[in-house]
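Reader: I'd like to go through this one bit by bit. Can you put it up on the screen?

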Amino acid sequence: MSESVKKTGIKVKKVEIVANDKPSISVKATVKAPKLMEKRKILFVASEARPFIATGGLADVIGSLPQALAKDPKYDIRVVLPLYSDIKPEFRRKMSFLGNIFVPLSWRNQYCGVFTCEENGVTYYFLDNEYYFKRPGCYGYYDDGERFAFFSRGVLEILPFIGYYPDVLHCHDWQAALAAIYLKTFYCKRPEYQFIRALFTIHNIEYQGKYSMDILGDLFGIDNNDGYLLEYGGCINLMKGAIECCERFSTVSPTYANEIKTAQYAHGLEDIICKNANKLTGILNGIDVDSYNPEKDKALFAAYGPENLENKKICKSELQKMLGLPVKNVPIIAMITRLVSHKGVELVKTVAEDILHEDVQFVLLGTGDSAYENYFRELGKRYEGKVSANIAFNGDLSRKIYSGADIFLMPSVSEPCGLSQMIASRYATVPVVRETGGLYDSIKPYGNGGNGFTFASCNAYDMLYVIHEALDVYKNEEKWQALMRKAATTDFSWDRSAEDYKKLYEETFTAF
Ligand code: GLC
């Protein structure tokens, strides 16, 4: 019944299902079905979003995809986030307080303040509870499971309060997985929630939200009978639960969508991914091309664009001065990365001396595992005047590096999408990447007329080979200029991906 209701948008009062010419079941539809021509309502549920709060690439996506979708008048896009104490006063001042509700979480009943603001056609809601979110940073607490269970449950509880029942609840990563799970195990039984469908997007399968089975009822408030949905390998696995409960799930590039069907990439979830593969799609992220625009970026030493690359030289020499590197025309190879093994740091360590044997400068910006941080600090000392190791997280410096460098190295072992290679490309800094996930989908090899340099296997010497190839092309001014232009004009805007998401929302909404 509900399918015909949804597709036609007709208000159904009474439906009779006839078998053998005799009326057998009589059902009363108590809820008004969505009207045709109503705006498509999409509610994003995520743990971070620019400009409010950011620790990684997820914040970039939640900061720009909703706004790209909201340009379409047929969509009503809203986003829910936790109100972390780290959200700066400049943003808090823009919010208004809507009121508060109480969120049930097993035997708990927790205060939840609801704040809102609007930006570029997107309505944001912030869920406030100081016990859970008045702490520095976003993650890494012993009770993260409880904090994000409160958040996910809060998202479903505020819907009657804000008077908005989305067509698609778009949940991101394990922190929002419980929203899809609660919808399926609990809320969909309530008439107002029965037309809501869930889409779950995996930004990185490494972080799954694993907990002991003991807390299923006491903390998450989930019935034992539903435990099988979340259970995996003897534990609660929230990502697995969301994959089972959602109508559709997606990852952030088509290649990663294939990779996570294999043990090499799936961090143990390959069987679940394969079992649900008919629900899976991969859509390549975009970047915010207004924010990352070398013609307008205030952080840059000089403005430039694909048709006028001359000023990039100023960006380079000023960067060299700033970092204490000799100002000269040698290629700058840059890395802006978290210093963790899946970013391919081992490959760089293996051939660092070989790279530095060449007439190049190497600039690093990033933080991460202390062993890697120490390694690069040490390298910086040994190669003073050649290596600049900046163990920091610094948005302003990152933009100066994207614009001032020549080659951007990103040899990730795995990379669901990756945004840095796209940003570098837009700043005419030529990417050298490993062919994995979104790197494979966004950067094509120079030899085939592409926008960068790529290597296939996780082998340091294969990487070194393509770095040499890049250095050779760099020596030929004309060819390098053409390659820079090619990189800078590749379309990484969200408009392209937003169209794919719209198709996916329609599929999700009509799925049963
Ligand atoms: C995660 C992934 C990264 C992706 C980002 C946004 O941080 O590791 O590859 O670009 O999410 O989807």
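Predicted model: local features only at pLDDT ≥ 70, side-chain atom pairs only at ≥ 80, totals over all residues.

Reader: ok, and where does D406 lie?

Author: D406 is in the loop between helix 16 (395–404) and strand 18 (407–410).

Reader: Is D406 buried or exposed?

Author: D406 is buried, because its relative accessible area is 7% and the cut-off for buried is under 20%.

Reader: Which backbone nitrogen does the D406 side chain reach?

Author: That of I332, at 2.8 Å.

Reader: Switching to the ligand. Which residues surround it?

Author: The ligand is surrounded by G57, L58, V61, H203, N204, V252, N285, E415, P416, C417, G418 and L419. By class, that shell has six nonpolar, five polar and one charged residues.

Reader: Which domains give residues to the shell around the ligand?

Author: Domain 2 (40–254 + 280–286) and domain 3 (312–492) both do, so the ligand lies between them.

Reader: And what lies 2.6 Å from an oxygen atom of the ligand?

Author: A polar side-chain atom of H203. From the backbone, an N or O atom of G418 lies 2.8 Å from a ligand oxygen, and for C417 a backbone N or O atom lies 3.0 Å from one.

Reader: How much of the ligand does the protein bury?

Author: The ligand taken alone exposes 310 Å², and the protein buries 90% of that.

Reader: New topic, helices. How many residues of helix 9 are buried?

Author: Eight of the eight residues in helix 9 (residues 238–245) are buried, so the helix is largely enclosed by the rest of the structure. Among them are K240 and E244.

Reader: What caps the N-terminal end of helix 9?

Author: N237 does, with a side-chain oxygen 3.2 Å from the backbone nitrogen of M239.

Reader: Now helix 19. What sits at its start?

Author: There, a side-chain oxygen of N459 reaches to within 2.7 Å of the backbone nitrogen of Y461.

Reader: How far apart are the end C-alpha atoms of helix 19?

Author: They are 23 Å apart. At 1.5 Å a residue, the 16 residues of helix 19 (residues 460–475) should span 22 Å, which agrees.

Reader: Which residues of helix 19 are buried?

Author: A460, M463, L464, V466, I467, A470, L471, V473 and Y474.

Reader: Then which residue has a positive phi although it is not a glycine?

Author: D173 is one of them, with a phi of about 60 degrees. D173 lies in the loop between strand 8 (168–172) and helix 6 (177–185). A428 also has a positive phi of about 60 degrees, and its place is the loop between helix 17 (420–426) and strand 19 (430–434).

Reader: Is A428 buried or exposed?

Author: A428 counts as buried, because its relative accessibility is 0%. D173 is buried as well, at 10% relative accessible area.

Reader: Last one. What does the side chain of Q67 make a polar contact with?

Author: The side chain of Y124, at 3.0 Å. Q67 is in helix 2 (residues 57–70), and Q67 is buried, with a relative accessible area of 16%.

Terms used. Residues numbered from 1 in each chain as written. Heavy atoms only, no water. Helix = DSSP H or I, 4+ residues; strand = E, 2+ residues; numbered from the N terminus. Expected span 1.5 Å × (residues − 1). Buried < 20%, exposed > 50% of the residue type's maximum accessible area, 1.4 Å probe, protein only. Polar contact = N/O pair within 3.5 Å; in protein donor to acceptor, adjacent residues only side chain to side chain. Near = heavy atom within 4 Å. Areas by Shrake-Rupley, 256 points an atom, 1.4 Å probe, with all protein chains shown as cover. Nonpolar A, V, L, I, M, F, W, Y, C, P; charged D, E, K, R; others polar. Domains from an automatic or database assignment.
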